[in-house]
Amino acid sequence: DLLLRRGKDALDEGDPEAALEHFSALVDHDPNFAEGYNARATAFYALGMVGPALDDLRQALVLEPRHFSAMRGVGVIFEGMERPEDALEVYQEVLRINPGSAGVTDAVERLVLELEGQAI
């Protein structure tokens, strides 16, 4: 809990390098804690390290297949990679698991419009 809190605090303070250190220590300490990988993926992404972020999200989902926050992270990365169809598929799965997921409904609506060729 302490390492997770310190990492999240570092992210909130705009220090993803420090967050990465805390989250890496957390993953080393408890490699079966899915949220540790999800949090570290956020730090990797903030540092522009998309490959390691995706790998950590994958591991979070291996440990907890219904980790909707990790799924959402995959969707965000897919959007950044200009893979809107894949992002939409992931977001729809997030909504199936957690219909009230903040921001995901808007992302689905936006992507559906985009894929239908309509500008927002």
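Val50 is found in helix 4 (helices are DSSP runs of H or I with at least four residues, numbered from the N terminus). The model is predicted: local features need pLDDT of at least 70, side-chain atom pairs count only at pLDDT 80 or more, and totals for chains, interfaces and linings use all residues. Residues are numbered from 1 along each chain as its sequence is written, and side-chain values use heavy atoms, without hydrogens and water.

Val50 counts as partly exposed because its relative accessibility is 30% (buried is under 20% relative accessible area, exposed over 50%, partly exposed in between, with a 1.4 Å probe and protein chains only). Together with Tyr45, Val76 and Met81, Val50 makes a nonpolar surface patch of about 300 Å². Such patches join nonpolar side chains (Val, Leu, Ile, Met, Phe, Trp, Tyr) within 5 Å, and like charges within 9 Å, from residues with over 30% relative accessible area and no salt bridge. A salt bridge places a side-chain nitrogen of Lys or Arg within 4 Å of a carboxyl oxygen of Asp or Glu. Areas come from the Shrake-Rupley method with a 1.4 Å probe; for residues, only the protein chains shown count as cover.

The largest nonpolar core has 32 residues (buried Ala, Val, Leu, Ile, Met, Phe, Trp, Tyr and Cys joined through side-chain atoms within 4.5 Å). Phe23, Leu57, Tyr91, Val104 and Val108 touch the most other members. Helix 6 gives the most to this core, with seven residues. Beyond four places in sequence, Leu57 is in contact (heavy atoms within 4.5 Å) with Asn38, Ala41, Ala70, Gly73, Val74 and Ile77.

Thr105 is found in helix 7. Thr105 is partly exposed, at 32% relative accessible area. Not counting residues up to four places away in sequence, Thr105 touches Leu95 and Pro99.

Key:
Helix = DSSP H or I, 4+ residues; strand = E, 2+ residues; numbered from the N terminus.
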